[in-house]
Amino acid sequence: MNPKQPFEINLAAAQSLDAADPFRKFRERFHIPKIHDTEVIYLTGNSLGLLPKKAREYTGQEFADWEHLGVEGHFKAKNPWLYYHHFHREALAKIVGAKKEEVVAMGSLTANLHLLLVSFYRPTKERFKIIMEANAFPSDQYAVETQVKFHGYNPEDAIVELSPREGEETLRTEDILATIEKHGPQLATIMIGGVNYLSGQFYDLVAITDAGHKAGALVGFDLAHAAGNVMLKLHEWNVDFACWCSYKYLNSGPGGVAGIFVHEKHGHDYSLPRFGGWWGNEEATRFEMKKGFIPQPGAAGWQVSNAPVFSMAIHRASLEIFEEAGMDVLRRKSELLTAFLEMIIDRYNENNPLRALKIVSPRDPAARGCQLSLKAVSNGKEIFNRLNDAGVIVDWREPNVIRMAPVPLYNSFEDVWRAGEVLNSVAG
Ligand SMILES: *Cc1c(COP(=O)(O)O)cnc(C)c1O
């Protein structure tokens, strides 16, 4: 099967795609929410991924160890709390395409972004600009704005925003590269989303990283919508830094522990400015409580506080599923599933020109993740409300965008087909 080839759109076709899907078994690993005893069609894994069934057992282990060991759990728990961040490294490294030492599960996304910018946005009189998306997630906008002010620069001068061309919805790579070149001599850092949260566009991270480096800038990405969604090779692509959250495609629970990547070329540079804390200090001397911060090598040297073990236990349960599934196989299913949704939306639009849901995500499967963003021509909010009432859980972004994200780990082709049937019935 090929995501560019047309599928037939009917229940039997959806069911036969499911029957041929080696990923079918993973759906059983998650709790699918129900309304009136019926499983919903959950298309909002881009916002909050579903609960892996094993998460209870994994957190249960930590409850038991805390109950029986108290503080001794730091050393004697089945998974000693002192070393908890080591348990995620291998899986995280595969998900973002990194070496184990380049990643660590820690903190929360926006706080981590600040910590990374402390090291990787160091404006000078000559180089003080930072490039980001004009429609970046608000938290990223606030983080960058306040970082710029913290260094005593004016956001109006220092922040260069990338906007789509008039009448277009997504960024053209050529325009991104031209902007990097234009501001090159004044550019300190590029920090954009890997996959844009609103349009679902997956940027050309290789071209952006290369162009940024050519201009003499550092390059990092917010992978909140990319980690666990698209194929990433951060090490090979020579990306300087990245951060992500674990509660979207990584299914690790609301506000769950996040993660960072620091390329190995920076991981041993102890001269980099950073905001330290005891967990980032070298493990051998962490408890000696001595003066003088000695960072651990690699990404672990950016840790600040002791690990949020309960959240990290959930994260382990989820990452194990990714380990078993493999990102490349996952991505292949994802492309098919989203192509199937795309055909269903196209057919809907042909039949409903006045209530069209214009696909604003890229048409090229390589330039998007699993999410399709639909701009409503009219009655968008009403269509959205009716979908949710009918058990098709999608999300709404003001003023007129419905986002649908079929997630390959737990959504089926039948889910997508049924979502299309509900759409036809509520809005036709
Ligand atoms: C989800 C998301 C966030 C949320 O940040 P938190 O610190 O986890 O609350 C930030 N940035 C982007 C791009 C996101 O998609």
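Start by selecting K214, which sits in helix 9 (residues 205-214). Helices here are DSSP runs of H or I with at least four residues, strands are E runs of at least two, and both are numbered from the N terminus. Is K214 buried or exposed? K214 counts as exposed because its relative accessibility is 78%; the cut-offs are under 20% relative accessible area for buried, over 50% for exposed and partly exposed in between, with a 1.4 Å probe and protein chains only.

Before moving on, a word on what you are viewing. This is a predicted model, in which local features need pLDDT of at least 70 and side-chain atom pairs count only at pLDDT 80 or more, while totals for chains, interfaces and linings use all residues. Residues are numbered from 1 along each chain as its sequence is written, and side-chain values use heavy atoms, with hydrogens and water left out.

Next, select strand 7 (residues 187-193), where 7 of the 7 residues are buried. Which strands pair with it? Pairing requires at least two DSSP bridges between two strands. Strand 5 (residues 129-133) runs parallel to strand 7 and is joined to it by 3 bridges; show I131 and its bridge partner I190 to see one of them. Strand 8 (residues 218-222) also runs parallel to strand 7, with 5 bridges between them. Here, display I192 with its partner F221.

Now go to helix 12 (residues 309-325). Its 17 residues reach 24 Å from first C-alpha to last, close to the 24 Å expected at 1.5 Å a residue, where the expected span is 1.5 Å times one less than the number of residues. Helix 12 is mostly covered, with 12 of its 17 residues buried; among them are V309, M312, R316, L319 and F322. An α-helix has 3.6 residues a turn, so residues three or four places apart point the same way. Bring up helix 2 (55-69), helix 4 (89-96), strand 4 (103-106) and helix 13 (327-351), which are included in what covers those buried residues through contacts, meaning heavy atoms within 4.5 Å.

Time for the open spaces. On a 1 Å grid over the protein atoms alone, a pocket is an open set of points with protein on both sides within 12 Å along at least five of seven lines, a cavity is a set where a 1.4 Å probe fits but cannot get out, and lining residues have an atom within 4 Å of a point. Select L109, F137, D140, D222 and A224: of the 19 residues lining the largest pocket, these lie nearest its centre. Helix 5 (109-120) and helix 6 (138-150) each give two or more residues to that lining. The largest pocket holds about 220 Å³ of space, a volume being the space filled by probe spheres set on grid points joined across faces, edges and corners.

For the second largest pocket, with about 180 Å³ of space, select its lining residues, including W278, R286, M289, K290 and F293.

Last stop: the whole structure has 1 cavity of 30 Å³ or more. About 40 Å³ of space lies in the largest cavity, and N135, L162, E169 and Y203 are among its lining residues.
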